Amino acid sequence: MSTRAPHLPPDDAEAGGVDRRQALCTLLRGTCALAALGCGGDWREAVVLPAPDPAPAECGDTGVPGTPEEGWVEVPLSQHPVLREPGGHAAVRVPEALLDVVVVHAADGCHRAVWRTCTHGDCPVVWDGALGAVECPCHGSRFGLDGSVLQGPASRPLTAFRTLRVGDSLFIHRPR
């Protein structure tokens, strides 16, 4: 039986009267509760962009790209030479145009561009040529080159962007 007066803090309490063990246990319970709710870590709900065009361009689409004010972003193929050949793919980032996409040269004259952030867990997606799909390495979601969900857990498609190749540049339509 303790002879300590009831109004005094226990021996393992901090100077302010807080029991360290109790404080750590409370912190641990809170952390476990957040983890159970899906909070914390690198996972967070992704921001999904609305589809910029009613339908992305078809393979072999021709035309003249518009102006930067209309949302057309020029990507010189000299910056991404792998995109010159069918099968080539690259992550293309143009921060000043708020463009962050995966571009795949799917067939001669056919480039596809999809948003590079998974709609499930806000992870950067990558092209997997062996699977023929855009894949999220964080949770395994897979998407077609048109942005459609091929395999969950993602339930929302990636935004697909219209592309045009003119000379040695690829133009991607990223409406503002």
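An open sheet of 3 strands has the order 1-11-10, and its pairing is antiparallel. Strand 1 and strand 10 (163-166) are the edge strands, each pairing on one side only. From one strand to the next, the twist averages 25°. For such angles, axes are lines fitted to C-alpha atoms, for helices over the stretch in contact, and the angles run from 0 to 180 degrees between N-to-C directions. Strands here (E, at least two residues) and helices (H or I, at least four residues) are DSSP runs, numbered from the N terminus. Two strands count as paired if DSSP finds at least two bridges between them.

This is a predicted model, in which local features need pLDDT of at least 70 and side-chain atom pairs count only at pLDDT 80 or more, while totals for chains, interfaces and linings use all residues. Residues are numbered from 1 along each chain as its sequence is written, and side-chain values use heavy atoms, with hydrogens and water left out.

Strand 1 pairs with strand 11 (residues 169-173) in the antiparallel sense over 5 bridges. Within this pairing, Pro76 has Ser169 of strand 11 as its bridge partner.

Val75 lies in strand 1 (residues 72-76). Val75 has a relative accessible area of 1% and is therefore buried; buried means under 20% relative accessible area, exposed means over 50%, and partly exposed lies in between (1.4 Å probe, protein chains only). Apart from its neighbours within four places in sequence, Val75 is in contact with His80, Val92, Ser169, Leu170 and Ile172. Contact here means heavy atoms within 4.5 Å. Val92 is 17 residues from Val75 along the chain, and the C-alpha atoms of the two are separated by 8.2 Å.

## Strand 10 and Thr163

Thr163 is found in strand 10. Thr163 counts as buried because its relative accessibility is 9%. Its side chain reaches the backbone oxygen of His111 at 2.6 Å. A polar contact is a pair of N or O atoms within 3.5 Å; within protein, one must be able to donate a hydrogen and the other to accept it, and residues adjacent in sequence count only if both atoms are side-chain atoms.

## Strand 4 and its partners

Strand 4 (residues 110-115) is mostly covered, with 5 of its 6 residues buried. Strand 4 pairs with strand 3 (residues 99-107) in the antiparallel sense over 6 bridges. Strand 4 is also joined to strand 9 (residues 160-161) by 2 bridges, again running antiparallel.

In strand 4, Ala113 is the bridge partner of Val103. In strand 9, the bridge partner of Ala113 is Phe161.

## Cysteines

A disulfide is a pair of cysteine sulfur atoms within 2.5 Å. By this rule the count is 1 disulfide. The bond joins Cys123 to Cys138, with an S to S distance of 2.1 Å. The link of Cys123 and Cys138 is left-handed, with -105° about the S-S bond. The pair links distant parts of the chain, 15 residues apart: Cys123 is in the loop between strand 4 and strand 5 (126-128), and Cys138 is in the loop between strand 6 (133-135) and strand 7 (142-143). Cys123 counts as buried because its relative accessibility is 8%, whereas Cys138 is partly exposed, with a relative accessible area of 41%.

Cys118 is buried, at a relative accessible area of 0%. Cys136 is likewise in no disulfide, and its nearest cysteine sulfur is that of Cys118 at 3.8 Å. Cys136 counts as buried, at 1% relative accessibility.

## The chain as a whole

The protein chain holds 1 helix and 11 strands. Along the sequence, these follow the pattern α-β-β-β-β-β-β-β-β-β-β-β. Of the contacts with a separation of 6 or more, 48% are between residues 24 or more positions apart.

Buried residues make up 35% of the 176 residues. The accessible surface of the chain comes to about 10600 Å², and 57% of this belongs to carbon and sulfur atoms. Accessible areas come from the Shrake-Rupley method with a 1.4 Å probe; for residues, only the protein chains shown count as cover.
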